[in-house]
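Student: Can we go through this one together? I'd like to start with the charged pairs.
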Amino acid sequence: MKVILKVDSIFKRFGKINAVNNLSFNVEKGEIFSLLGPNGAGKTTTVRMLLNIIKPDYGTIEYFFDNSAASRLPSASQLGYLPEDRGLYQEIPIIRTLEYMGVIRGMNKVDARKASEMWLSKLDLLDRKNEKLSALSKGNQQKIQFISSVLHNPSFAILDEPFTGFDPINQEIFLMIIKELSEKGTTILLSAHQMHLVEKIADKVLLINNGKSIASGTIEELKKENIASEKLILKFEGNPDFNFFQNDVAVERIEKISDGEIKILLKQNKSLSELLIKASSIFKINSITTEHITLHDIFIEKVKQDKEKENES
Amino acid sequence: MKVDKNLKLVFEVAKWEFKRWFKIKEQVITLIISALISLLIFGGKSILLKISDKQTEIAIINNSNLELKLDKKTNIKLFKYEIGQIDSLKRLLNENKIDGILIINDIDNAELIVNKEPAWLNIIQENLTNARQQIKIKESNISREKLTDIFKQINIKLNYTQQQKEKTGTGEKLAAGIFIALMLLGIFLGLAYQFVAITGEKQLRITEVIISAISPQTWIDGKIIGISFLSMSLLITYILTTVVFILISNLFGSGWNIPITITNPLLIIGLFVFSITGFIFWNTLFSAIAATINDPNTSARGSLMMAPVLPVGIAFFALGNPDSFIMKILSFFPLTSTPVISVRMVLTEVNIIEIIISLALIIISTWYLRKAAGKIFSLSILLYGKEPSWKEISNWLSKSTE
């Protein structure tokens with residue numbers, strides 16, 4: 001696959017904080033690439049550096065579009081951007097704002113209007129096109145903001161926290177829309193902290209914590225790399241001493257959910273049956289549930305490992 | 001190719017900014033309100049006078065050879081009586097059936113009996129004095145023409161050493177004064193819109209979306225042009241409002257006129273060019289300042305909006321002596337040139353070379369100011385939570401020129 005964005009060792013420091021610390025990654029044409037991390041991990045700073053809104057202290061960022069030489073930025077028409085700090089003109093009819101956004105991204109007025117109406121219709125907002133943005137609910141305003149960032153059909157879209165502010169139903173709708181955009185040829189760089197959502201659509205992820213990369217690859221790759229492979233949720237009668245499980249060879253980590261309920265992360269390729277036999281001989285188990293390891297679990301695990309490495313050094 | 005694309009974008013932003021604030025409906029309403037106010041003041045006055053058109057009736061007892069004759073327009077009617085009827089006349093006065101009793105004792109003394117101070121006293125006084133003067137002229141054997149000639153003023157013909165307008169009337173001065181006031185208003189309104197536009201976009205976090213699509217310089221250029229044309233449109237509306245006010249007042253006999261000299265098309269073009277250049281200059285300066293403001297409600301920098309008062313207000317001094325040395329110098333200084341030269345163009349003949357130099361200087365200074373404003377704007381517009389200090393701003397500028 002052709003690389004369209006190459007980021008090499010970018011670094012940004014604000015005061016005494018390393019907001020982004022030697023981050024490197026490549027984005028390939030057509031993929032959905034996700035920057036994942038908790039709030040304050042350095043995702044938005046990275047995105048702003050990608051857009052040249054702020055400049056890295058060092059490191060390079062290069063785009064490769066249409067077989068041309070590397071450039072620092074794609075053209076306005078090639079790029080779509082949904083910022084984390086969102087805002088549009090509140091007191092102007094929605095359709096006028098969308099037309100303007102399309103025009104400054106290189107569309108002519110007629111095409112911008114057509115594309116705006118198509119998107120408004122897709123998101124059930126066409127009948128409100130002449131209303132002011134301030135008349136819409138927050139969720140609907142968010143939809144308009146999303147439309148403004150993709151209505152010109154960009155080759156590359158950077159979506160910073162696209163799911164924030166949406167209810168679960170709309171989050172699912174936007175998952176579908178992002179997937180559709182990708183299928184139509186738009187390469188997507190997604191920055192988000194809702195790992196369960198990203199897991200559903202991302203081709204590749206880069207996990208960031210404190211400005212540093214702590215893991216990267218496809219979700220399958222990350223799962224394979226991870227020490228734990230399955231999760232076991234056990235419910236007991238009474239409130240037993242969970243230290244029993246801590247020392248078992250099959251157990252990677254335990255988390256207490258509530259009194260009498262624990263989550264056990266099992267090590268890769270370790271037998272579950274032995275653990276259950278031993279446990280049932282000591283405790284009365286009321287229910288057993290198994291779950292696959294999620295991106296969230298991997299992230300927690302990686303952060304823990306990163307902290308341990310830091311402490312050792 | 002890139003220049004064309006940039007120019008197109010500047011034009012699109014300018015169009016957006018202009019349409020964002022310019023409301024044709026509001027301008028039409030302003031014109032209608034002006035017409036209505038003029039109609040109300042001057043038409044109303046005329047109607048009121050007609051409604052209160054009651055005739056004044058005065059009883060006159062004339063014991064002299066003074067002949068009192070009043071014009072019909074005065075609406076005062078005189079009724080002759082004898083001194084023996086004074087008691088019955090006083091009764092009529094008490095019952096408000098007549099408005100006064102005028103007793104002329106001789107040509108030097110008269111008595112007026114009234115219930116309250118009369119509004120028509122001056123008319124009576126003036127006409128009695130005229131009648132007395134007639135008698136006195138007759139007695140002194142001097143003809144009326146001779147008397148007029150004695151009191152005639154000496155005629156002084158003004159002969160200018162430099163070529164200039166024959167006469168600058170009060171009308172022209174008033175028009176020039178109104179023009180500066182409206183220009184100042186246009187500048188303030190433009191700055192207010194510029195402040196609201198830029199600080200509003202910053203507060204609504206619109207900046208990041210726009211900056212990812214167009215360069216800060218393109219954005220600020222479009223904003224400056226859009227808001228300057230908005231100021232120009234507002235200025236035109238206010239001038240039309242004044243013209244409508246004067247024309248309607250004239251229909252009701254106000255006697256106000258628009259001086260013919262200021263309707264010269266070349267002068268109008270000149271005023272347009274200097275006004276729009278002035279608006280662009282001020283908007284360029286203030287767009288950079290607005291971008292540095294974090295919160296318009298608390299920032300002290302908002303008060304800088306009053307800055308144009310002094311340099312633009314200086315043009316009022318040109319009304320007194322438009323061709324003074326200081327006014328000629330101020331015609332070239334970019335902060336004062338546009339209002340001062342505009343006033344001078346209305347009041348006097350300004351040499352075309354002076355006009356060209358003045359225009360060239362303001363265009364050149366605006367061009368450099370635009371570059372500096374673009375730099376400040378690009379660094380400030382995404383700076384949330386703090387205002388850059390003046391020292392930081394000057395550092396940015398010095399770095400950008402290195």
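Tutor: A salt bridge here is a side-chain nitrogen of Lys or Arg within 4 Å of a carboxyl oxygen of Asp or Glu. Keep in mind that this is a predicted model. By that definition A:Lys12 forms a salt bridge with A:Asp57, and the closest N and O atoms are 3.3 Å apart.

Student: Which parts of chain A does that pair tie together?
Tutor: A:Lys12 is in strand β1 (residues 3-14) and A:Asp57 is in the loop between α1 (43-50) and β4, so the pair ties together parts that are 45 residues apart in sequence.

Student: A:Lys12, buried or exposed?
Tutor: A:Lys12 counts as buried, because its relative accessibility is 13% and the cut-off for buried is under 20%.

Student: What about A:Lys122? Which side chain does it meet?
Tutor: A:Lys122 meets A:Glu180 in a salt bridge, 2.6 Å from N to O. Helix α3 (residues 109-122) of chain A holds A:Lys122 and helix α5 (residues 168-183) of chain A holds A:Glu180, so parts 58 residues apart in sequence are tied together. Both count as partly exposed: A:Lys122 at 34% relative accessibility and A:Glu180 at 27%.

Student: Which residues are linked in a network?
Tutor: A:Glu99, A:Arg113, A:Glu117 and A:Lys129 are linked in a network of salt bridges.

Student: OK, nonpolar core next. Which residues touch the most other members?
Tutor: In the largest nonpolar core, with 141 residues, they are A:Phe25 and A:Leu189. Helix α9 (residues 265-292) of chain B gives the largest share of this core, 12 residues.

Student: What does A:Phe25 touch?
Tutor: Leaving out residues up to four places away in sequence, A:Phe25 touches A:Leu5, A:Lys6, A:Val7, A:Phe33, A:Leu35, A:Thr46, A:Leu50, A:Leu189 and A:Leu206. There is also a second, separate core of 15 residues, which includes A:Ala250, A:Val251, A:Ile264 and A:Leu276.

Student: And A:Phe64, where does it lie?
Tutor: A:Phe64 is in the loop between β4 (58-63) and β5 (79-82) of chain A. A:Phe64 is partly exposed, with a relative accessible area of 22%. Its contacts, not counting residues up to four places away in sequence, are A:Lys2, A:Val3, A:Ile4, A:Lys6 and A:Ala70.

Student: Switching to chain B. Which residues form the nonpolar patch on the surface?
Tutor: B:Ile24, B:Val28, B:Ile32, B:Leu36, B:Leu39, B:Leu251 and B:Phe252, with about 680 Å² of accessible area together. Helix α2 (residues 24-51) of chain B gives the most to the patch, 5 residues. B:Ile32 is in helix α2 of chain B, and B:Ile32 counts as partly exposed at 45% relative accessibility.

Student: Last one: what should helix α8 of chain B span?
Tutor: At 1.5 Å a residue, the 36 residues of helix α8 (residues 216-251) of chain B should span 52 Å, and the end C-alpha atoms are 52 Å apart, which agrees. α8(B) is followed by B:Gly253, whose phi is positive, near 80 degrees.

How values were computed: Residues are numbered from 1 along each chain as its sequence is written. Chains are lettered from A and ligands numbered from 1 in the order in which they are written. This is a predicted model: local features need pLDDT of at least 70, side-chain atom pairs count only at pLDDT 80 or more; totals for chains, interfaces and linings use all residues. Side-chain values use heavy atoms; hydrogens and water are left out. Patches are made of residues with over 30% relative accessible area and no salt bridge: like charges are joined within 9 Å, nonpolar side chains (Val, Leu, Ile, Met, Phe, Trp, Tyr) within 5 Å. Accessible areas come from the Shrake-Rupley method with a 1.4 Å probe; for residues, only the protein chains shown count as cover. Helices (H or I, at least four residues) and strands (E, at least two) are DSSP runs, numbered from the N terminus. Buried means under 20% relative accessible area, exposed over 50%, partly exposed in between (1.4 Å probe, protein chains only). Contact means heavy atoms within 4.5 Å. The expected span of a helix is 1.5 Å times one less than its number of residues. A nonpolar core is a set of buried Ala, Val, Leu, Ile, Met, Phe, Trp, Tyr and Cys residues joined through side-chain atoms within 4.5 Å.
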